[in-house]
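User: Hi! I am new to reading protein models. Could you walk me through a few features, one at a time?

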Amino acid sequence: MPVSTGRQIAAARTLLGWRATDLAKAAGLHRNAVVYWEGHAESPAGAPCFGIHAIENALHAAGVELVTSPTPGVRTTAASMHRPALGT
């Protein structure tokens, strides 16, 4: 799975209708970790990537696909159409 940009993470979260706390819960992280990764253009060189991978896995499980080609972006998968938002 490609390492996401902060903008992709924020867009994916918005697409799902999730708050940062919702994504943090789904990823098994603290809310501050989500805010941290959303504020970075990409994973800093040499930085531990556990948090970013946990976020990507949570978004994928919720039905959001992170794409890198031809340009970075996000899109829903068919599975996401059948999942309620965490806050509902």
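Analyst: Happy to! Let's start with accessibility: buried means under 20% relative accessible area, exposed over 50%, and partly exposed in between (1.4 Å probe, protein chains only). With 38% relative accessibility, Y36 is therefore partly exposed, while W37 is buried at 6%. This is a predicted model, where local features need pLDDT of at least 70, side-chain atom pairs count only at pLDDT 80 or more, and totals for chains, interfaces and linings use all residues. Residues are numbered from 1 along each chain as its sequence is written, and side-chain values use heavy atoms, leaving out hydrogens and water.

User: How many aromatic pairs does the structure hold?

Analyst: Rings of Phe, Tyr and Trp (its six-membered ring) pair if their centres lie within 6.5 Å; planes under 30 degrees apart are stacked, over 60 edge-to-face, and the rest tilted. Here there is one aromatic pair. The ring centres of Y36 and W37 are 5.0 Å apart and their planes stand at 85 degrees, so this pair is edge-to-face.

User: Is Q8 buried or exposed?

Analyst: Q8 is buried, because its relative accessibility is 4%. Its place is in helix α1; helices (H or I, at least four residues) and strands (E, at least two) are DSSP runs, numbered from the N terminus.

User: What is Q8 in contact with, leaving aside its neighbours within four places in sequence?

Analyst: Contact means heavy atoms within 4.5 Å. Setting those neighbours aside, Q8 touches L66, V67, P72, G73 and V74.

User: Which residues of α1 meet α4?

Analyst: On the α1 side they are I9, A12, R13 and L16, and they meet I52, I55 and L59 in α4.
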